[in-house]
Amino acid sequence: MKPVIEIAHLTKRYGKNRGVTDLSFTVAQGEIFGFLGPNGAGKSTTIRAMLGFIGFDSGEIRLLGKDIRREREEILAQVGYMPSETMFYPNMKAGEIIRMAAQVRRKDCREEAGILCERLQVDTEKRICELSLGNRKKVSIVCAMQHRPELFIFDEPTSGLDPLMQTAFFQLIREYVEQGATCILSTHVLSEVRRYCDRAAILKEGQLQRVDTVSALTRAGAKRIKWVRDGRQEEFIYEGDLNDLHKELAGHDITDLLIEEPSLEEAFMEYYRS
């Protein structure tokens with residue numbers, strides 16, 4: 001599949017403060033791509049640079065085959081972006097916000113907006129100031145999706161949504177992707193990555209640690225060990241050579257031993273640790 005996102009050697013600094021350094025990865029058409037890392041890892045900086053909201057010191061960013069520095073307007077016409085914290089005019093009704101978002105794009109999105117509002121149970125007659133965080137999130141999702149973009153970029157989209165709406169949201173994403181769209185998902189919820197993403201990138205301190213399939217990331221070399229050694233039960237994550245572990249067991253009374261793959265959370269924590 002053709003690449004929809006191409007980032008090559010992206011570097012962005014904030015004076016003496018860290019941004020991102022020499023970041024390179026691609027996302028193919030039709031992927032749901034996880035973008036992961038602890039707070040301050042550089043995820044938001046990368047997304048803002050991808051959308052042309054901030055400049056960058058060096059490197060290249062191409063979305064949908066176009067250069068963000070030269071063809072930003074054409075790119076953004078085909079992107080649906082949802083920031084982690086969306087601010088709306090508090091006295092406007094949800095339906096008015098959704099219509100205004102469509103008017104900014106100069107598109108008639110009424111049919112798609114109606115479908116999305118029904119699927120996500122958006123009360124379009126309520127004012128923004130009357131809505132909970134979860135319901136404001138749903139308005140933001142509709143604004144990002146109603147023009148049926150080729151590329152979705154979501155930053156922590158499900159925080160505040162109840163489990164039913166989380167499921168409805170990801171079902172919508174899958175339907176759009178099946179029709180040719182691509183999605184990048186920045187999230188701290190690793191269960192979402194396991195369940196929905198094809199591949200994921202892990203950032204730490206502004207640098208890319210690894211890009212791989214989610215299944216491969218859980219086989220990154222670490223193992224969960226459970227054993228009863230000399231009458232004492234122990235459980236830990238082991239990163240070394242299993243042959244060395246075998247040698248370590250020699251001379252001990254081993255009455256139980258289990259070696260298994262770590263959970264996705266445990267595997268990713270290996271990258272997050274200092």
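Phe 35 counts as buried because its relative accessibility is 0%; buried means under 20% relative accessible area, exposed over 50% and partly exposed in between, with a 1.4 Å probe and protein chains only. The model is predicted, so local features need pLDDT of at least 70 and side-chain atom pairs count only at pLDDT 80 or more, whereas totals for chains, interfaces and linings use all residues. Residues are numbered from 1 along each chain as its sequence is written, and side-chain values use heavy atoms, without hydrogens and water.

Phe 25 is also classed as buried, because its relative accessibility is 5%. A search of the whole structure returns nine aromatic pairs. Rings of Phe, Tyr and Trp (its six-membered ring) pair if their centres lie within 6.5 Å; planes under 30 degrees apart count as stacked, over 60 as edge-to-face and the rest as tilted. The centres of Phe 25 and Phe 35 are 5.6 Å apart and the planes stand at 40 degrees, so this pair is tilted. Phe 25 belongs to strand β2 (residues 17-28) and Phe 35 to strand β3, so the pair ties together parts that are 10 residues apart in sequence. Helices (H or I, at least four residues) and strands (E, at least two) are DSSP runs, numbered from the N terminus.

Phe 152 and Tyr 176 are both buried. Their ring centres are 5.3 Å apart with planes at 55 degrees, so this pair is tilted. Phe 152 lies in strand β7 and Tyr 176 in helix α6, so parts that are 24 residues apart in sequence are tied together. One aromatic cluster comprises Phe 152, Phe 154, Phe 169, Phe 170, Tyr 176 and Tyr 196.

The largest nonpolar core has 42 residues, and Val 139, Met 145 and Phe 154 have the most contacts inside it. Such a core is a set of buried Ala, Val, Leu, Ile, Met, Phe, Trp, Tyr and Cys residues joined through side-chain atoms within 4.5 Å. Helix α6 (residues 163-178) supplies the largest share of this core, eight residues. A second, separate core has 27 residues, including Phe 56, Leu 64, Ala 201 and Leu 203. Val 139 touches Phe 88, Ala 94, Ile 97, Ile 98, Val 122 and Leu 131, residues up to four places away in sequence not being counted. Contact means heavy atoms within 4.5 Å.

The buried residues of α6 are Met 165, Ala 168, Phe 169, Phe 170, Leu 172, Ile 173, Tyr 176 and Val 177. They pack against β3 (32-36), α4 (110-120), α5 (133-145), β7 (151-155), β8 (182-186) and α7 (190-196). Gly 180 follows α6 and has a positive phi, near 115 degrees.

The charged end of Arg 69 sits over the ring of Phe 56, 3.8 Å from its centre. This assignment requires NZ of Lys or CZ of Arg within 6 Å of the ring centre and within 35 degrees of the ring normal.

His 9, in strand β1 (residues 3-14), has a phi of about 55 degrees. His 9 is partly exposed, with a relative accessible area of 48%. Arg 106 lies in the loop between α3 (94-104) and α4, and its phi is near 60 degrees. Arg 106 counts as exposed, at 80% relative accessibility.
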